[in-house]
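Thanks for coming, everyone. Let me put the structure up, and then we'll walk through it.

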Amino acid sequence: MSTSASHARGVHFGRQDIQVVGIGVGAVLALVGVLGFIPGITMQYSELQFFGPNSHAMLFGVFQVSMLLNLVQLAIGATGWAMSRTAHGARNFLMGFGALYIVLSIYGLSVGVDSAANFLSLNSVDNWSHMVLGILMIAAGWMFAQYFTDDKKARKQ
């Protein structure tokens, strides 16, 4: 197998495409977690609560956030970055945490914005964006896993 064949398959600095996507998603999620703690980027910052529906701080003036939600985003982002050291880990991150975001979205939609069960302080924009994010993460994990599988088959031959 020549080196040009490796590059044609999408190897970036020794990483496969699925790893690059996993690292990118992890970095963006970690960044969102950090931005949730920055006054000015997070509007109504003085109303930021640790958890619960009474946290009325709004990231970019759109997404309702709490300290717990910011910490969860940071943790998921760091986990994605760490898991994406391997192609298999990146696929598992994208598909597993994509499913988690879909479950989180369904939970948020079912409990309602003002419910005491809304412990992460999610509004409807959060819920729908988590649904879209989860679907995109699963789709990326599945699509790029096809290339990952093809690479493994090619190396065996």
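First, the ground rules. This is a predicted model, where local features need pLDDT of at least 70, side-chain atom pairs count only at pLDDT 80 or more, and totals for chains, interfaces and linings use all residues. Residues are numbered from 1 along each chain as its sequence is written, and side-chain values use heavy atoms, leaving out hydrogens and water.

Now the pocket. On a 1 Å grid over the protein atoms alone, a pocket is an open set of points where a 1.4 Å probe fits, with protein on both sides within 12 Å along at least five of seven lines; lining residues have an atom within 4 Å of a point. The largest pocket is lined by 15 residues. Which ones lie nearest its centre? Leu-29, Val-32, Gln-73, Ser-129 and His-130.

Next, the surface. Phe-50, Phe-51, Leu-71 and Phe-119 form a nonpolar patch. Phe-119 is partly exposed, because its relative accessibility is 36%; buried means under 20%, exposed over 50%, and partly exposed in between, with a 1.4 Å probe and protein chains only.

Last, the backbone. Ser-121 is not a glycine, yet its phi is positive, near 65 degrees. Is Ser-121 buried or exposed? Buried, because its relative accessibility is 0%. Gln-44 also has a positive phi, about 55 degrees, without being a glycine. Gln-44 is partly exposed, at 44%.

Note on methods
Patches are made of residues with over 30% relative accessible area and no salt bridge: like charges are joined within 9 Å, nonpolar side chains (Val, Leu, Ile, Met, Phe, Trp, Tyr) within 5 Å. Accessible areas come from the Shrake-Rupley method with a 1.4 Å probe; for residues, only the protein chains shown count as cover. A salt bridge is a side-chain nitrogen of Lys or Arg within 4 Å of a carboxyl oxygen of Asp or Glu.
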